[in-house]
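User: I'd like a close look at one part of this model, with its neighbours brought in one after another. Please go slowly and tell me what your terms mean as you use them.

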Amino acid sequence: MKKIVILMIAALLLTACGSAESDYTTEQFETVLKNGENPVGKNVSITVHELVPDSAFGYNIQTGEHLNFVSSDNPNVE
């Protein structure tokens, strides 16, 4: 259940990301989530380790140790 909540938060954050300055790196963001902090409205700068375009949730962007971002639309990342 906790992973699903993290995926939903990550999906919301991914849609908010753009050219704005990042608030967190991947590692910092994972720490924020592990500490139970509220990251809503923050931007995360990530390095894409793998893009799975046909996952059960849509486009699954794998990054970090335990962090995935999900988008229903093609996020146009490599």
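Does Phe69 count as buried or exposed, and at what relative accessibility?

Analyst: Phe69 counts as buried, because its relative accessibility is 1%. Here, buried means under 20% relative accessible area, exposed means over 50%, and partly exposed lies in between (1.4 Å probe, protein chains only). Before we go further, please keep in mind that this is a predicted model: local features need pLDDT of at least 70 and side-chain atom pairs count only at pLDDT 80 or more, while totals for chains, interfaces and linings use all residues. Residues are numbered from 1 along each chain as its sequence is written, and side-chain values use heavy atoms, with hydrogens and water left out.

Phe69 sits in strand 5, residues 67–71, while Phe29 belongs to helix 2, residues 26–34. (Helices, H or I with at least four residues, and strands, E with at least two, are DSSP runs numbered from the N terminus.) Four of the five residues of strand 5 are buried, so the rest of the structure largely encloses this strand.

Now for the strand beside it. Strand 4, residues 58–63, is joined to strand 5 by five bridges, and the two run antiparallel; strands pair if DSSP finds at least two bridges between them. Phe69 itself is the bridge partner of Ile61. Strands 4 and 5 form a hairpin with three residues between them. In that turn you will find Gly64, with a positive phi of about 70°.

Stepping back, the open sheet is made of three strands in the order 3-4-5, with antiparallel pairing. Strand 3 (50–55) and strand 5 are its edge strands, each pairing on one side only. Strand 4 also pairs with strand 3, in the antiparallel sense and over four bridges. One of the contributors there is Ser55, whose bridge partner in strand 4 is Gly58.

Next come the rings. Rings of Phe, Tyr and Trp (its six-membered ring) pair if their centres lie within 6.5 Å; planes under 30 degrees apart are stacked, over 60 edge-to-face, and the rest tilted. By this rule there are two aromatic pairs. Tyr24 and Phe29 make a tilted one, with 6.0 Å from centre to centre and 40° between the planes. The pair of Phe29 and Phe69 is stacked, because the ring centres are 6.1 Å apart and the planes stand at 20°. This second pair ties together parts that are 40 residues apart in sequence, because Phe29 lies in helix 2 and Phe69 in strand 5. Tyr24, Phe29 and Phe69 form one aromatic cluster. Tyr24 and Phe29 are both buried, and Phe29 has 0% relative accessibility.

The largest nonpolar core has eight residues: Tyr24, Phe29, Val32, Leu33, Val44, Ile61, Leu67 and Phe69. (Such a core is a set of buried Ala, Val, Leu, Ile, Met, Phe, Trp, Tyr and Cys residues joined through side-chain atoms within 4.5 Å.) Helix 2 and strand 5 each supply at least two residues of this core, and the largest share, three residues, comes from helix 2. Ile61, the bridge partner of Phe69, is one of the core members too.

After the helix comes Gly36, whose phi is positive, near 75°.

Ile46 is found between strand 2 (44–45) and strand 3, and is partly exposed with a relative accessible area of 26%. Leaving aside neighbours within four places in sequence, Ile46 is in contact with Thr26, Ile61, Thr63 and Phe69, where contact means heavy atoms within 4.5 Å. The C-alpha atoms of Ile46 and Glu27 are separated by 8.8 Å, although the two are 19 residues apart along the chain.
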